[in-house]
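Me: I am new to this structure and would like to go through it slowly. Could the sequence and the model be put up before we start?

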Amino acid sequence: MHVSNERKTTEVELLAENTALKRRIAELESQVKVEPLVGSELTLRSITDHCPSPVSIKDLDHRFRFVNKAFETMFEKSFEQVVGRTSSVTVSGEQAAFVHALERRVIESGEVRAEERVQTLSNGELLHTIVTKFPIKNANGEPALVGSITTDISEVKKAEAALRDSEKQLRLITDTLPVLIASLDADLRYQMINETGAKWYGRAAAEIIGKRPIDFFGSQQEVWRDHIENALRGNEVRYEQAMTYPDGVTRDVRVIYTPDKDVNGDVRGIFSLIEDISEQKNSEAAARASELRFKDFAAASSDWYWEMDADLRYTQ
């Protein structure tokens, strides 16, 4: 009996030690599993906090698991305020629904998706962004998380809007001028033509853009080909000549070709400014004809006569 009791005591002790050992192994295994995760998260934060674009990671239920400093700055929310919550904490309900739909497409397809969108921030400002969503897959190749990189293009959009306004103002100015203004690229294709030019061509500007002068003038182009080639060599060219335009009107014109150069000084096209000087030419011709008539009259008259009024002004 004594031996049996000792054996039982030993078995209990061994069982207790075995249980303690298993518990210790489990603790060690837990540490082994957790430490790489903590290390990778610290590495991820160290990298992404130096990234100027907002970066976030969500689970498959659209809840934030990670956001970087740029994300916190853009959306004015701290990591603690967003982690475990959905996009509704950063944007409106409608916009959050858009984001979640995009994330579902990424999860279902396992492919990268990018969308341009406009968000309204808490301060009422519009935020233009390109959002790129991508799957983060587990060891089985299945999406386990959804990563996101948001690129702020608000300044680009503002610059584009300013450029459109500037172009609109320039168009209003050029369309009111009574001269033909056009730009052509190095292949002599029209890139722009103003309203006066479109009228001379008898077409809408959209029907002219992309075409070449030869499409409208045919063999007449040979008359001024050398001038254009000179401009394409980088020289400003000025000349006058009579031209019959596609609207059927023959005009005396004064032409200025100015080379369009890039930042390296290479010619990428020409600007054309053409003024109708037909009335000026007609006036000059009329003046010359009047002068000739006067000379003929003077040569044919043997005597000169005139009449003056009381103020000694010539009347005839």
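What follows is a series of questions and answers about side-chain pairs.

Reply: This is a predicted model, in which local features need pLDDT of at least 70 and side-chain atom pairs count only at pLDDT 80 or more, while totals for chains, interfaces and linings use all residues. Residues are numbered from 1 along each chain as its sequence is written, and side-chain values use heavy atoms, with hydrogens and water left out.

Me: How many aromatic pairs are there by the rule for rings?

Reply: Rings of Phe, Tyr and Trp (its six-membered ring) pair if their centres lie within 6.5 Å, and planes under 30 degrees apart count as stacked, over 60 as edge-to-face and the rest as tilted. By this rule, the number of aromatic pairs is 11.

Me: What is the angle between the planes of Tyr 190 and Tyr 201?

Reply: Tyr 190 lies in strand S7 (residues 190-193) and Tyr 201 in helix H6 (residues 195-201), 11 residues apart, where helices (H or I, at least four residues) and strands (E, at least two) are DSSP runs numbered from the N terminus. The two rings form an edge-to-face pair, 5.9 Å centre to centre, and the angle between their planes is 85 degrees.

Me: Is Tyr 201 buried or exposed?

Reply: Buried means under 20% relative accessible area, exposed over 50%, and partly exposed in between (1.4 Å probe, protein chains only). Tyr 201 has a relative accessible area of 4%, so by that cut-off Tyr 201 is buried.

Me: Which residue forms an aromatic pair with Trp 200?

Reply: Trp 200 is in helix H6, and the pair links it to a residue 45 residues apart, in the loop between strand S8 (237-244) and strand S9 (250-261). The pair is edge-to-face, with 5.1 Å from centre to centre and 65 degrees between the planes, and the partner of Trp 200 is Tyr 245.

Me: What is the relative accessible area of Glu 103?

Reply: Glu 103 meets Lys 133 in a salt bridge at 2.8 Å, N to O, a salt bridge being a side-chain nitrogen of Lys or Arg within 4 Å of a carboxyl oxygen of Asp or Glu. The pair joins helix H4 (residues 93-109), where Glu 103 lies, to strand S4 (residues 126-137), where Lys 133 lies. Lys 133 is buried at 4% relative accessibility, and Glu 103 also counts as buried, its value being 1%.

Me: Which side chain makes a polar contact with that of Ser 148?

Reply: Ser 148 is in strand S5 (residues 143-152) and is buried, with a relative accessible area of 3%. A polar contact is a pair of N or O atoms within 3.5 Å; within protein, one must be able to donate a hydrogen and the other to accept it, and residues adjacent in sequence count only if both atoms are side-chain atoms. At 3.4 Å, the side chain joined to that of Ser 148 is Lys 133.

Me: Is Arg 268 buried or partly exposed?

Reply: Arg 268 meets Asp 260 in a salt bridge of 3.2 Å, N to O, and Asp 260 is buried, with a relative accessible area of 16%. Arg 268 has a relative accessible area of 48% and is partly exposed.

Me: How many salt bridges does a search of the whole structure find?

Reply: Side chains of opposite charge can pair when their charged atoms come close. Glu 240, Arg 254, Glu 275 and Lys 281 are linked in a network of salt bridges. Across the whole structure, the number of salt bridges found is 18.
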